[in-house]
Each structure stands twice: as C-alpha cells, then as structure tokens.
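I opened my notebook to look up a few residues, one at a time. Here is what I wrote down.

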Amino acid sequence: MQLLDPIDGTRGFVKGNKALFVVGLALVVDGEIVLGDMGCPHWQESNKCINGVQEEKSIPSETGLLMVSHIGCGTWTRSLSSVLNGTPKIPYSWTRCFVDGCSVVAQARFCIIESEPWEALPPSAFFTSTTNVDSVGEGQVLVLKPSCGSLCKYLLVASGRGSVFIQRQKEKVIKAWDHAVGIICVLEAGGRATDWKGNQVDLAADEAGRRSIYPQDGFLVSNGKLHNQLLELISSTSSTVLG
C-alpha cells in the first residue's frame, strides 16, 4: 500500500511565503513501513527559523531537501535543487542522516505544531519554553519556531536538527499519510516514534481502508535517548494535561 501526502502543511503552501511544506510518500507492506521519500522545496540550511543551532553543514546551502529511507538501509538526504537540475555535486550527492545525541530533556530541541501552544503539552508542567536559541534560561527548553504540517517535524528530528517532536491527539482518527513517511525516516536515522503510551503506531489497525491510525493521546517522536524519559514525564502529568 502506498500512502501519499501531496501537500503536508497546506496552510503554509497557500500563504505562498516560503513556508515549509512537505510532499511525502511511504510504502507499507503487511502493516510495516518499508520505504519513505519526502521533499521540502523551501528548505534552506541558512534558515534560522528551521535550525538555529546547527554545528556543521553536511548538506550544501541550496534550496530544497530530499529525504529517503529504506528499512535496514538508513535515512539519506540530498539537495532537492541538484536533483531537479540534474547536477548532483560530489561529495554532497547523498548524505546519511542521524538523530542528535541529546540525552537530557532540558537540553533538547523541541518541535511542535503551529496550532498547538507549548502550554498544552505535558513538558510544560516542568519547563517553560523559548524560541530564542541565544537565551535559553534555567527551567526553559528550546522550541524550534513552529512550521506548518507534521512531516517537517519528522524531517527535523531525523536530520538531527530537532531532538523531539511532540503532538497531542485532538481527533480520534488520524490519517496515516500525515505520519508514515516521517516515522520510517526517524526510525532509520536511529530515533523512536510511538504514541504517548509508548506503543508503536499500528498501520494495520484500519482493516478496511488502511488509511487511519489510532494513537493513544498523541505522538512522541524523539532521538531515542530521550524517549523513555519523556514517556515517564507524560505519564506523570497525563491526569492534569489530558483530563
């Protein structure tokens, strides 16, 4: 089964202001994601609102990013403009992606959706937030400036630019194409993706259409090292945040 999201981040696409929208495609076999490909046409390495803390430039400063992932083969990126122009530049043709190495929640870089305030999420019971990378104070965490859609957050975590993507479930049914390609890209980059109870996302739960997924409470996507800490944090605050 193929899951296509032609425009993830529709609001940004409609605005036409260089907002980050993503085109994503995933291949699912027997309920398992085996292949994923997503492109972000407006991605720029120098864009501070995407990544204010990048230490190294592993990808050329060109417009657009293509990310591909295959089960057991890792996650890889390449400049989208070089693909479209047919002029790949060695040694930057493909670069393997890995999640970041952050192991302390207070030092993590969080990604959240544009329509959801930090205060609606469980970590807000322990930390306030800031989007200013140069002034993260005691008791604060860095939240990367929100962008439209969910797939861009997966891209940020898979490429090591973000540490965590957390999203509260607002609807009972979530469309699989909003998450499938992002999940495999994060997993193959060394991260984890579960619901707020720690369960793997079940793409076979929708026996009829295979188009819907049913996470408990929300999505938690991380570099792996932070995952259990965050699950414990969510569990300890669930009665107040979700109740």
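**Entry 1: a pair of rings.** I began with Phe110 and Trp118, and both are buried. I kept in mind that this is a predicted model.

How many aromatic pairs does the count give? I got 2 aromatic pairs. Phe110 and Trp118 form one of them, with 5.2 Å from centre to centre. Their planes stand at 75 degrees to each other, and the pair is edge-to-face. I noted that edge-to-face applies because the angle is over 60 degrees.

**Entry 2: another pair.** Next I looked up Tyr154 and Phe165, which also form an aromatic pair. Here the centres are 5.4 Å apart and the planes make an angle of 75 degrees. This pair is edge-to-face.

Where do the two residues lie? I found Tyr154 in helix α3, residues 151-158. Phe165 sits in strand β10, residues 164-168. The pair therefore ties together parts that are 11 residues apart in sequence.

Are they buried or exposed? Tyr154 has 0% relative accessibility, so I put it down as buried. Phe165 is also at 0%, so it counts as buried.

**Entry 3: Asn223.** I moved on to the loop between β14 and α5 (227-241), where Asn223 lies. Its relative accessibility is 3%, so Asn223 is buried. The cut-off for buried is under 20%.

What does the side chain of Asn223 meet in a polar contact? I found the side chain of Asp100, at 2.6 Å. Then I listed what Asn223 touches, leaving out residues up to four places away in sequence. Among them are Val99, Asp100, Gly101 and Cys102. The list also includes Val157, Ser163, Gly190 and Gly191.

**Entry 4: positive phi.** Which phi value does Asp30 have? I read about 55 degrees, which is positive, although Asp30 is not a glycine. I located Asp30 in the loop between β2 (22-29) and β3 (32-40). Its relative accessible area is 82%, so Asp30 is exposed. Exposed needs over 50%.

Asp217 was my next stop. Its phi is near 75 degrees, again a positive value in a residue other than glycine. Asp217 has its place in the loop between β13 (212-213) and β14 (218-222). With a relative accessible area of 24%, Asp217 is partly exposed.

**Last note.** Asn223, in its own loop, is buried.

Methods:
Residues are numbered from 1 along each chain as its sequence is written. This is a predicted model: local features need pLDDT of at least 70, side-chain atom pairs count only at pLDDT 80 or more; totals for chains, interfaces and linings use all residues. Side-chain values use heavy atoms; hydrogens and water are left out. Helices (H or I, at least four residues) and strands (E, at least two) are DSSP runs, numbered from the N terminus. Buried means under 20% relative accessible area, exposed over 50%, partly exposed in between (1.4 Å probe, protein chains only). A polar contact is a pair of N or O atoms within 3.5 Å; within protein, one must be able to donate a hydrogen and the other to accept it, and residues adjacent in sequence count only if both atoms are side-chain atoms. Contact means heavy atoms within 4.5 Å. Rings of Phe, Tyr and Trp (its six-membered ring) pair if their centres lie within 6.5 Å; planes under 30 degrees apart count as stacked, over 60 as edge-to-face and the rest as tilted.
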